[in-house]
Structures are given as structure tokens and as C-alpha cells.
Amino acid sequence: MMKTQIEAKTANNDYAIERIPQSERKSIFSVAMVAAGFCIAMSGLFTGAAMAAGLNFKDALMAAIVGNTILSFFGGAIGAAGAKEGLSSSRLAIYSFGHEGFKIVSLVLALTMAGWFSVQSGLFGNTINAMFPNAGFITHPGFAGFWGGMLMLITAYFGYKGLDALSKIAVPLIVITATIGTVAAIKSIGGWGNTVSIVPQGNVTLSAGIVMVVGSFAAGASAQADITRYSKDAKAAWIATIFGYLAANTFIIIAGYLTTLTTGIGDLPKAMLKLGLGFPALIVLILAQWTTNDNNLYTSSLGLSNMIHVKKKKITLTVGTIGAALGGLGVAKYFASWLSILGIGVPPMAGVIMADYYIIRKQNYRFKDESQIPAWNMNALIAWAAGCIVGFAVKAGIASINSLATSIIIYIILMKLRPLKIEQEENKEEEM
């Protein structure tokens, strides 16, 4: 009876600090839908709109595919580790950063995702007001930002089950309605032939387009384990992640690109409204924001749950309410630049976890009791810092990938030169 009560308690807390048992793992379809919902966001539409300023369709499609292949690779690597170990991204960090050091990782993830939750809530309010300016107080930017944020809080409050239930409904609806809007936009200028014949006048390059795609979701890919920890195995996690980026994220980026190219409006819901598709436009706006922003809050709550001994649901309710209020008040826009800085700091953290799990520990975290883990691993902190410095200082290439690669290389070198004491003790035990 006692065991059943303990299991029920950890399940109710969405396994925030425990491994998810195999009995609670979900199907590939379930995890893939949640991953797709996370990737289908207004930011993807805006990325496509930005590429429409200077890329033809062929190059835009290539940029979306290459960029999402990159995101699939390092998001999949983190996601597969989370699936095999049944742990979130912040919890995985305890093995590489130490049982005190990992709290810094948890804090950075929590602040970054909570910040983006607030910013996206404010953006939602502004977009609702722009689409329906004469609908009264309900569409006032501040109030719409608040009720939008509270709406997105609901599914995050119920944890993975909430994300799963929404995504299975929202993802197909978004795909259908976004497709209707995109087709209507193409028809409005005479069809596909006229669309692909448009030559953008801007100077966006293919490489710049790839940077846009990767940069728009690098921080999210670094927290992929928060979703895929519910996968039955690593293979399922890879499939779900690849579907989320290569299928869902590519789709939404190209939808934003084609709509902007044909209508000159860099916002799919607004373009759909102009084309007389008011209700479908509202579906795209609400659900595209909802399925992404509840994931932002979910990841933030998981990070904080690993730092403080408070139930995840209480953290979600508190952080979500504050974030929605700040978003509605417009305060969030003042720290958007700081979130971009934090975003550059997240990929090298993921790089350290990847290097530790796949290279140093050979995909095995189960042989070690957490009480044996050192409080701090300075090798991890140094590699993380080095990755951040490179990410900020080197202007060539993609900042998030530069920082990721740097942290991986530096961490492997440092761990070979200065292995942890616990690692040496384990080697002795193995020899005995």
C-alpha cells in the first residue's frame, strides 16, 4: 500500500525529480504530437516571414530543412538521453554538473522559459488586439495578454497529460487551418506559378536563413528531454523529435514564408483575416501560441521543481500567473533582450550534458547513486562558460551551434585531463 501511495504522489508531481517508470511511458504518436505542438509557434511564422524578404521558395525550403535538421540532431541527442534515463533536461544535468551545480542549469532553464512565457503572452495580447481592434475590452492588449497567458497555464498545470490532450486536438487543427490560409493566399495572386515566380528584393542569404531557423528554437531543442522523457525508448524519442522539427517546424515556417510572399503581410492570422478567414485565423493564433507557450511554462516549472521542494503544480500556477500578468502589462518586452542572452547560454549547457552522457559516461547514468555525485563539477562549468564566450564573441556561423560545439570539445578535453574523483573510484570498482 505504501509503495502505491508513493508512486501516486510522484506521478501527480509529473515525475519532476524522479525517473519515469516504463509503465508510464507514452506512445510515439503521443510524444510526437506534443513535440509538434511545441514547434508549431507564432515564432515559426515570423521566421518564415523574415526569410520572405530575400529568399526565393527553393532557398527558403532548403533553409528550413537544413536548419531543422540541425535542431533535430542536438534536440534528438538530448531527447534520447532523457528517454533512456526517464529524466528531464534539468535533472540530467545533475550527473555532469554535480548535485549542487545542476541547480544553476535548472535556474537558467527556468528563467529562460518563464521569461519567454511572459513575452509570448504579451505578444498574444498584441496580436489579438491587432486582429480584432474593435471588439472591446476583451481584446485590449493588456487584458488579452493576461487571459491568453492564463489559458496557456491550464494545460501546463496538468503536466504532460495536459500537453498531450491539447496537442492531439490542436496540431491537426493548426495544420488544416494554416493550410487553408496558405492556399487562399496563393490563390489571391493567381496560383502557384505566380507565387514561385516572385523574386524577393531583399538581401537575405541562404546561410542567414539557416541561422534564423536554428536561432529561433535552439533553447527549446536544448530542453527536448522534458518532452521525450515520456518516450518508451531512445528510438521513439528520435522519431518524435525529428517529426517535431523536420515536419511541424518546417511546415509552419514555410506557411509563414508563402503567406508573406503572396500577401505582403508577415503574420499568417492577420493575412487570413484580410482574406476573409476570420475563424480559422483565430484558431491558428490561439492554438499555435498555446501549444508552444504551455511547453515554455512546463519546462520552467520542471527546472524550478529541481531547485526547491515545492509541488510542480503550485510552481506552475505561481509562475504562470505572474508571467501572464507581466505579459499583459507589457513589462516583459523590456527584458526580451536579456532572454536572447540567456538563450545563447542554454545550448552550451546542453553540449555539456551531451558530451558527458554519450562520450564520458557511455550512455549510462544508472550505475551511480546520486549521493555519490560530487557537489560541483568545475569541468562542466568551465566548458559551459567557454561555450557562452564563443557564442557571444564569434560572429561567423550560428551562435548557438558555435557555443554548443565549443562546450562539447572543451568538456571532453577537461574530463580526460582532470577526471572526477568519483569516476576514478568507479573504475577501481570495475577492475575489482
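Trp376 sits in the loop that connects α16 (336-360) and α17 (378-393), where helices (H or I, at least four residues) are DSSP runs numbered from the N terminus. This is a predicted model, in which local features need pLDDT of at least 70 and side-chain atom pairs count only at pLDDT 80 or more, while totals for chains, interfaces and linings use all residues. Residues are numbered from 1 along each chain as its sequence is written, and side-chain values use heavy atoms, with hydrogens and water left out.

- Trp376 counts as partly exposed because its relative accessibility is 42%, the classes being buried under 20% relative accessible area, exposed over 50% and partly exposed in between (1.4 Å probe, protein chains only).
- Together with Ile104, Met378 and Ile382, Trp376 forms a nonpolar patch on the surface, with about 370 Å² of accessible area together; such areas come from the Shrake-Rupley method with a 1.4 Å probe, and for residues only the protein chains shown count as cover.
- Patches are made of residues with over 30% relative accessible area and no salt bridge, with like charges joined within 9 Å and nonpolar side chains (Val, Leu, Ile, Met, Phe, Trp, Tyr) within 5 Å.
- Lys362 is found in the loop between α16 and α17, has a positive phi near 55° although it is a residue other than glycine, and is exposed, with a relative accessible area of 60%.

**Helix α17**

- Asn379 has its place in helix α17 and counts as buried, because its relative accessibility is 0%.
- Leaving aside residues up to four places away in sequence, Asn379 touches Tyr411, Leu414, Met415 and Arg418, a contact meaning heavy atoms within 4.5 Å.
- Ile389 is also found in helix α17, but at 57% relative accessibility Ile389 counts as exposed.
- Between the C-alpha atoms of Ile389 and Phe74, which are 315 residues apart along the chain, the separation is 20 Å.

- Helix α2 (residues 28-39) packs with helix α14 (residues 278-305) at an angle of about 100°, their axes being 6 Å apart; axes are lines fitted to C-alpha atoms, for helices over the stretch in contact, and angles run from 0 to 180 degrees between N-to-C directions.
- The two helices, α2 and α14, are therefore roughly perpendicular to each other, a class that covers 65 to 115 degrees, whereas angles under 35 degrees count as roughly parallel, over 145 as roughly antiparallel and the rest as oblique.
- In this packing, Val34, Gly37 and Phe38 of α2 meet Thr291, Thr292, Asn295 and Asn296 of α14.
- Tyr15, in the loop between α1 (2-12) and α2, has a positive phi near 50° in a residue other than glycine and is buried, with a relative accessible area of 6%.

**Salt bridges**

- The count comes to six salt bridges, each a side-chain nitrogen of Lys or Arg within 4 Å of a carboxyl oxygen of Asp or Glu.
- Glu100 and Lys103 meet in a salt bridge at 3.4 Å, N to O; Glu100 is partly exposed at 30% relative accessibility, and Lys103 is partly exposed at 29%.
- Lys168 forms a salt bridge with Asp164, with 3.4 Å between the closest N and O atoms, and both lie in helix α8 (residues 160-187), four residues apart, about one turn of the helix.
- Within that pair, Lys168 is partly exposed at 36% relative accessibility, whereas Asp164 is buried at 12%.
- Asp356 and Arg361 meet through their side chains in a salt bridge (3.5 Å, N to O), and both residues are buried.
- Salt bridges with shared partners join Asp14, Arg229 and Lys312 into one network.
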